[in-house]
Amino acid sequence: MTDSIITAQLTQASEGLLFLSESDAPFEVVRWKAEGQPLTPAQLLQLTGHPPNAPVQVVDIDKFFAIATQEENWHDDEEKETVQRFRQLVSVLKQNLSQIQVWKVGDRDIDAYIIGVTPAGDWAGLVTKLVET
């Protein structure tokens with residue numbers, strides 16, 4: 001599968017979804033040339049224009065999406081549909097990317113990068129914003 005098809009699938013799966021935190025933010029698809037190297041915190045900060053001393057935390061994808069993919073008995077139909085869409089999004093990420101990691105950059109206003117390796121060996125995934133207080 002080509003990287004452009006993966007990008008299109010990620011765009012479609014994330015369209016209209018908002019990652020819930022203290023500010024609800026949309027997702028944006030990102031893709032960078034990897035040149036066969038694993039992504040490091042320093043490279044991520046450089047690629048994304050963050051200062052080299054910005055705090056970076058790595059989180060497991062399932063832990064990151066845990067609240068969004070957990071259906072609760074008090075959810076209404078719309079909330080249940082949103083949970084299903086988040087489950088589908090995680091599935092699309094896992095089907096198309098390997099070595100997925102979630103990189104949280106920042107302290108309170110956080111940029112979250114859900115990045116994996118494409119079959120062509122490049123880095124791709126999604127970025128969203130979180131506010132954690």
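Buried means under 20% relative accessible area, exposed over 50%, and partly exposed in between (1.4 Å probe, protein chains only). The model is predicted, so local features need pLDDT of at least 70, side-chain atom pairs count only at pLDDT 80 or more, and totals for chains, interfaces and linings use all residues. Residues are numbered from 1 along each chain as its sequence is written, and side-chain values use heavy atoms, with hydrogens and water left out.

**Salt bridges**

- The structure holds four salt bridges (a side-chain nitrogen of Lys or Arg within 4 Å of a carboxyl oxygen of Asp or Glu).
- One of them joins aspartate 122 to lysine 33, with the closest N and O atoms 3.3 Å apart.
- This pair links distant parts of the chain, 89 residues apart: aspartate 122 is in the loop between β6 (109–117) and β7 (123–131), and lysine 33 in the loop between β3 (28–32) and α2 (41–48).
- Helices (H or I, at least four residues) and strands (E, at least two) are DSSP runs, numbered from the N terminus.
- Another joins glutamate 132 to lysine 104, at 2.9 Å between the closest N and O atoms.
- Glutamate 132 sits in the segment after β7 and lysine 104 in strand β5 (residues 98–105), 28 residues apart.

**Exposure of the paired residues**

- Aspartate 122 is buried because its relative accessibility is 8%, whereas lysine 33, at 64%, is exposed.
- Lysine 104 is buried at 11%, and glutamate 132 is partly exposed at 34%.
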